Amino acid sequence: MEAYIATIAYFVISIVIVLIGLLIFENLTRKYKDMEEIKNGNVAVALSIAGKVIGICIILAFAIYHSLYIYETLIWGAFGVVLQMIAYLLFDVFTRKFSVEEQLKDNNVAVGIMSMSVSIGLAFVIGASIT
């Protein structure tokens with residue numbers, strides 16, 4: 001029975017961390033609102049957000065695998081969200097020829113795919129570093 005309770009706890013914790021992460025990312029973007037853009041069919045923003053959700057979940061999966069206690073998963077999950085935010089901001093900084101945020105707002109799917117790839121790729125690196 002303990003395994004079922006732990007699974008439910010990890011499930012709830014994961015949903016809460018993903019939602020908090022999405023709320024933080026929503027506040028990071030100043031030129032558009034994520035859910036409004038998705039509602040309007042902006043594929044680039046949807047891809048970018050999908051990468052963030054998948055990325056956070058990958059980090060949480062590694063955290064669950066390597067944590068002995070639920071509170072450790074919370075700590076690693078929060079740390080992973082912070083690192084994902086840093087990765088997103090660095091992606092915008094290193095693309096000096098254009099603004100990632102503006103390109104996503106303009107539905108540039110190529111930038112959306114790159115943003116998604118950065119989030120997922122770095123999530124594996126962050127997750128693998130959890131020991």
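Asn108 sits in the loop between H5 and H6. Helices here are DSSP runs of H or I with at least four residues, numbered from the N terminus. This is a predicted model, in which local features need pLDDT of at least 70, side-chain atom pairs count only at pLDDT 80 or more, and totals for chains, interfaces and linings use all residues. Residues are numbered from 1 along each chain as its sequence is written, and side-chain values use heavy atoms, with hydrogens and water left out.

Asn108 has a relative accessible area of 24%, so it is partly exposed. The cut-offs are these: buried is under 20% relative accessible area, exposed is over 50%, and partly exposed lies in between, with a 1.4 Å probe and protein chains only. The C-alpha atom of Asn108 is 8.7 Å from that of Asn42, although 66 residues separate the two along the chain.

Asn107 lies in this loop too, between helix H5 (100–105) and helix H6 (109–129). Its phi is positive, about 65°, yet Asn107 is not a glycine. Asn107 counts as partly exposed, because its relative accessibility is 32%.

**The salt bridge**

How many salt bridges does a search of the whole structure find? It finds one. The term means a side-chain nitrogen of Lys or Arg within 4 Å of a carboxyl oxygen of Asp or Glu. The partners are Glu102 and Lys31, at 3.0 Å from N to O. Glu102 belongs to helix H5 and Lys31 to the loop between H1 and helix H2 (34–39), so the pair ties together parts that are 71 residues apart in sequence. Glu102 is partly exposed at 38% relative accessibility. Lys31 is partly exposed as well, at 40%. Side chains of opposite charge can pair when their charged atoms come close.

**Helix H1**

Leu19 lies in helix H1 (residues 2–28). Its relative accessibility is 53%, so Leu19 counts as exposed. Leu22 is also placed in helix H1. With a relative accessible area of 17%, Leu22 is buried.

Leu19 is part of a nonpolar surface patch with Ile8, Phe11, Val12, Ile15, Val16, Ile20 and Ile24. Together these residues have about 720 Å² of accessible area. Patch members have over 30% relative accessible area and no salt bridge; like charges are joined within 9 Å, and nonpolar side chains (Val, Leu, Ile, Met, Phe, Trp, Tyr) within 5 Å. Areas come from the Shrake-Rupley method with a 1.4 Å probe, and for residues only the protein chains shown count as cover.

Axes are lines fitted to C-alpha atoms, for helices over the stretch in contact, with angles from 0 to 180 degrees between N-to-C directions.

| Helix pair | Axes come within | Crossing angle |
|---|---|---|
| H1 and H4 (residues 70–94) | 10 Å | roughly 25° |
| H4 and H6 | 10 Å | roughly 140° |

The angle makes H4 oblique to H6. H1 and H4 are therefore roughly parallel to each other. Angles under 35 degrees count as roughly parallel, over 145 as roughly antiparallel, 65 to 115 as roughly perpendicular, and the rest as oblique.

H1 passes H4 in a right-handed crossing. H4 passes H6 in a right-handed crossing too. Right-handed means that the near helix is turned clockwise from the far one by less than a right angle, left-handed anticlockwise.

Methods: Helix = DSSP H or I, 4+ residues; strand = E, 2+ residues; numbered from the N terminus.
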